Every structure is written in structure tokens, then in C-alpha cells.
Amino acid sequence: MSDHQVASLRHAAATADANALSAEVAGLIVQALNLEISPAQIAPDQPLYGEGLGLDSIDILEIALVVSKKYGVQLRADSGENTRIFGSLRQLVEYIITHRTK
Amino acid sequence: MIAYRAGTPVLVSQFLADARRLVRSIPPCTHVLNACSDRYHFTVGLAAALISGRVSLLPSSQAPRMMQQLGAFAPDAICLTDETDGSIALPRLLDLRQILGASAKYAPAVAAAHAMPQIDAARLAACVFTSGSTGAPLPYRKSFGPLIGCVREGARRLGLARGARWAILATVPPQHMYGFEASVLLALACGHALCAERPFYPADIAAALERVPRPRALVTTPVHLRALLGSGVELPALDLLLCSTAPLAQQLAAEAERRFGARLLEIYGSTETGQVALRRPTHTAEWRLWSGVALELAADGTRARGGHIEQPTLLPDVLEMTGAESFLLHGRVSDLVNIAGKRSSLAHLNYQLNSIPGVEDGAFFHTAESSGSHTGVARVAACVVAPALDAARLTEALRERIDAVFLPRPLLFVARLPRNDTGKLPLAALQSLAAQARSATPA
């Protein structure tokens with residue numbers, strides 16, 4: 001296999017992992033918050049906070065708790081990344097992939 | 001010392017100099033709308049208003065609608081802020097970061113020349129706002145003397161009246177009555193030091209605690225406490241936990257005391273009355289009243305009066321007196337909804353729901369599991385008859401009318417509401433409808 005083929009296979013594997021994780025995180029959010037939608041209804045780029053999915057700060061704290069238990073990721077507001085992390089499901093998943101410890 | 005900013009102490013002389021500097025920057029006005037999120041900025045703003053004879057307006061949220069309504073309440077108000085994201089659409093803004101930015105250069109020797117300001121106890125110090133049942137914010141007027149009296153009595157109860165200088169960290173906003181009293185006023189009235197930051201995530205709370213010396217107190221709520229204990233974050237040593245705004249599960253209180261190795265004290269109070277009672281939930285279910293405060297049974301509920309309470313006030317809860325100074329709490333008066341310190345009534349929520357075009361009939365209700373919800377937050381549910389609307393459009397219409405914490409979960413669409421012969425909606429019928437919908441939903 002050429003380097004190029006290896007790279008594209010890796011890329012495909014990473015994308016598949018991200019998609020699987022995205023579905024898993026969406027499921028966790030719906031379950032933890034008792035939302036009246038199915039996980040698939042959370043669009044990857046829809047804002048989670050405020051408009052969009054309509055979550056409030058209590059929900060965000062709840063998601064942070066679930067994410068810390070499941071993936072060992074501790075969120076920090078003073079990192080300045082907070083608005084971005086909860087910008088969308090995709091961004092939350094990317095943050096988890098980069099920072100997960102389990 | 002009066003505060004810690006990111007762990008660095010701020011001396012009283014510095015604080016007074018900052019307050020005087022701010023006074024010089026405030027243009028003529030009689031009201032100051034204090035929207036600062038940094039607790040030190042907030043406290044400088046409060047002191048500047050007190051020194052210069054202005055009334056501080058404390059908004060319970062910074063939702064555009066609330067800020068707009070406060071702007072209408074006091075058109076001359078200057079808004080003190082420390083955010084520059086343009087979210088506050090008021091004409092007269094003053095950014096404290098710009099005004100106090102260079103204040104670290106102040107030499108304490110120069111600042112010490114300022115005498116300690118004396119504030120008349122009868123002076124109207126603040127108006128605290130809650131969302132009223134009609135949607136317009138209701139002002140509760142607070143005189144300086146009673147505010148300080150209440151907090152000093154609290155300090156005595158908490159063991160913070162004399163001795164060591166404590167560092168006080170709070171996860172609640174300084175504009176909320178509980179946060180205002182238990183962090184800002186407690187520090188001002190009893191010589192403790194408040195932490196400027198308002199940490200949100202468990203890791204933020206732990207880091208903020210680590211930065212300040214002991215003894216240290218954490219002023220928090222059941223929601224934050226539960227997240228903190230469940231997060232797996234290493235918990236720093238703590239000397240006192242204060243909790244309020246919503247009922248705290250006994251189990252959570254016991255776990256918090258065990259893991260922090262500190263007492264957990266729970267405060268009962270309201271925006272109208274301020275703090276009125278205290279208990280240590282791991283020791284007793286009984287609340288002990290502030291001295292001088294008395295409860296009296298009235299036809300419409302229980303009234304609190306005396307002590308620091310300026311007007312006899314009907315309490316929003318069902319109380320059982322167990323002695324002249326003690327009582328048990330039996331939950332909210334059923335029409336009232338309190339989520340995360342925000343209050344509304346089912347009647348108001350129903351009014352808003354039924355005013356949406358396309359809604360033929362609808363009702364909010366407490367679900368059977370909401371009081372013991374696994375998230376620790378009791379949400380409200382709603383049943384609605386609205387064949388022309390879908391959940392997204394109805395939720396959008398509700399969002400324009402009510403605070404997001406009251407958005408219904410679940411929101412059930414039904415062909416008709418389970419009204420009985422007299423047109424009333426039995427709670428049990430609504431709850432069983434919710435239970436049926438839940439079991440019908442595929443997992």
C-alpha cells in the first residue's frame with residue numbers, strides 16, 4: 001500500500017470513529033436531558049446552546065458531567081473555548097476526541 | 001483585604017480607591033443597573049452607588065427582555081458591565097474593565113487617605129428583580145440596614161461572625177438575592193474576602209478554590225454541587241459549604257460533607273425576604289429562623305415578618321411550624337414553579353401557552369418524577385392541543401414568551417386535554433398522559 005493509500009484509509013477510519021462517537025454523544029445528551037427527540041434529530045452543526053437545540057446552562061452542566069464520566073474530559077470555562085465547544089454537536093465531539101482520557 | 005482576583009488579594013484601600021474612581025466616572029443618574037459578572041467589579045459598582053447615593057438595580061438575568069424592561073423601569077439608569085460582546089442593548093453603558101483597568105498602579109499609601117464611607121441604614125440600597133407573574137420584572141426594595149443586619153445574623157449562624165478571615169467563592173451570580181447576600185454582602189459586612197470569579201464547571205470550581213487560602217467557603221446550589229461531586233475532579237480542601245435555591249437531597253448533602261470534610265449548611269430564603277432560616281441537613285430536617293424573624297399562619301399561607309424583613313411577606317412554600325423559631329418545609333405551593341432560582345407560576349405559563357396562535361388548549365404541570373428527577377432539576381411538562389403546530393414551532397413561540405428554563409419537558413401533543421366534568425384538569429390525569437407518552441416513545 002502506498003503512503004497515500006494508508007493516509008486515506010486512516011482518514012476514513014478517523015471519520016468513521018468520529019461519526020460513531022457523534023451518534024453516541026447525541027444519545028447521551030438525549031438520555032441525560034430527557035429530551036423529546038431522537039439522537040438522530042440533533043443536526044451536527046446545529047447550535048446546542050440557546051437557539052437551536054435550546055439548551056440552557058443547567059443542561060450544559062449536565063452534559064459536562066456525563067462527558068466527564070464517560071470520556072474523562074473535564075471542561076473549563078476559563079479556557080475561553082466554552083462557546084466554541086458547545087457551538088454544535090460536531091464541535092463537542094471534536095473536543096472530546098482531542099481531550100479524552102478514556 | 002476584601003477580595004481575591006485570580007488568587008491575588010485586593011486590599012480594602014484599593015477597593016475604596018476603585019469605588020471612588022468609579023463614582024467620578026458615573027454621569028448624573030439616580031439608578032445604577034449593575035450587570036457585572038466579575039464579582040469584584042460588581043462589588044465596586046455596588047460600593048460606588050452606595051457612596052454616591054444611587055440605587056443599584058440587580059437584574060435576575062441578562063436576557064435581552066429583562067434588560068430592556070429594567071431600562072424602561074429606570075430610564076436614567078447607567079448600566080455597569082464588564083462584557084463587551086454587545087449583548088446588552090442599553091444606551092448608557094459603562095465598562096468597568098476600562099475604568100478600573102489601571103487601578104493596580106494605585107499606591108495603597110495614597111489610597112489609604114480615603115476614609116471608610118458611612119452609609120445610612122435607612123438608605124434604599126438596591127432593587128432586586130424577579131420575573132413577575134405577568135412577565136414584567138417585579139422590584140423588591142432593599143434598605144442598607146436590613147440587608148446588612150440579615151447577613152450579620154447569617155454570619156453568626158454560620159460561624160463566620162468573628163475570628164478568621166474567610167475566602168468566599170460562589171457559583172451563583174451576585175445579582176441573585178442568595179449570591180448577593182452570601183458572597184458580596186457577607187464579605188462586605190463581616191470582613192471576609194470574596195473571589196471575583198464565578199466558576200461554572202467542576203474543574204473551574206476546584207481550580208478557583210485552590211487559588212485562595214483557607215479557611216474557604218463555597219456558596220453553591222444543588223445543581224452545581226451534584227456536578228462537582230459526580231465529575232471525578234479532585235476536590236480541594238474546604239471549610240464550609242453553603243447551599244440554597246432548590247431542595248437538596250439528603251444523600252447529596254451527606255456525600256458532600258464526607259468528601260469535602262466540611263459542614264454543609266442549607267439556607268432558606270427568597271428574593272422578597274432574603275435569608276430567613278438555616279439547617280444542617282445531615283443533622284436535622286428542621287429549619288431554624290433568623291432571630292427576630294417570626295412566621296405567622298394566614299388564610300393564604302405562611303407569612304414571614306420581623307427582624308430584617310421590611311414588609312410582611314407571604315412565603316411561596318408550605319411550612320409546618322415546630323416551635324417559635326423552627327419549622328419543616330413541605331414543598332412549594334403547587335402553582336409555583338422554581339427552576340434554578342427562577343420563579344414562575346403554572347398560571348402564568350398556561351396564560352403564555354394559550355396566547356400562542358394555533359394553540360387551542362394547553363396546560364403546564366409538574367410531572368410525577370419531576371421532584372425526584374435524576375438530573376436534580378425539576379422541569380415542567382405541558383400538554384397541548386394544537387393540530388396546526390409542530391413541536392419546533394410551538395417551542396419557538398414559547399421561547400419568545402417565557403424563560404428557557406420553563407420550556408416544557410416533555411411537550412405532549414394530544415387530541416384533547418383530560419378535562420373532567422367541571423372543566424378542571426386533574427393532575428393525576430395529566431401525569432398518566434405523560435407516563436403513557438413516555439412508555440410509547442421508542443427508547
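**Figure 1. Salt bridges where chain A meets chain B.** Four salt bridges turn up across the interface of chain A and chain B in this predicted model. Here's one of them: Arg76(A) pairs with Asp204(B), and their closest N and O atoms sit 2.8 Å apart. The biggest giver is α2(A), with ten residues. Sort the chain A residues that touch chain B by type and you get twelve nonpolar, nine polar and eight charged.

Figure 2. Chain A puts 29 residues into the contact, and chain B puts in 28. Together the two chains bury about 2,200 Å² between them, and carbon and sulfur atoms supply 53% of that area. Look for Glu36(A), Ile58(A) and Leu61(A): in chain A these lose the most area to chain B, together making up 28% of what that side buries. As for scores, the model comes in at ipTM 0.77 and pTM 0.82.

Figure 3. Asp317(B) belongs to strand β19, which covers residues 317–323 of chain B. Its relative accessible area is 6%, so Asp317(B) counts as buried. What does the side chain of Asp317(B) join in a polar contact? The partner is the side chain of Tyr268(B), at 2.6 Å.

**Figure 4. One helical turn in α6 of chain B.** Arg157(B) and Glu153(B) form a salt bridge whose closest N and O atoms are 3.5 Å apart. Both residues sit in helix α6 (residues 144–158) of chain B, and because they are four residues apart, about one helical turn separates them.

Figure 5. Over all chains, the count comes to 19 salt bridges. One of them links the side chains of Asp95(B) and Arg97(B), at 3.2 Å from N to O. Asp95(B) has 12% relative accessibility and counts as buried, whereas Arg97(B), at 39%, is partly exposed. Another salt bridge brings together the side chains of Arg305(B) and Glu296(B), this time at 3.1 Å from N to O. Arg305(B) is partly exposed, with 37% relative accessibility, and Glu296(B) is partly exposed too, with 30%. There's also a network to spot: salt bridges with shared partners tie Asp59(A), Arg379(B) and Arg409(B) together.

Figure 6. Chain B has a mean pLDDT of 87, with 91% of its residues at 70 or more.

Key. Residues numbered from 1 in each chain as written. Chains lettered and ligands numbered in written order. Predicted model: local features only at pLDDT ≥ 70, side-chain atom pairs only at ≥ 80, totals over all residues. Heavy atoms only, no water. pLDDT = per-residue confidence, 0-100. Contact = heavy atoms within 4.5 Å. Buried area = accessible area lost by both parts, 1.4 Å probe. Helix = DSSP H or I, 4+ residues; strand = E, 2+ residues; numbered from the N terminus. Nonpolar A, V, L, I, M, F, W, Y, C, P; charged D, E, K, R; others polar. Buried < 20%, exposed > 50% of the residue type's maximum accessible area, 1.4 Å probe, protein only. Polar contact = N/O pair within 3.5 Å; in protein donor to acceptor, adjacent residues only side chain to side chain.
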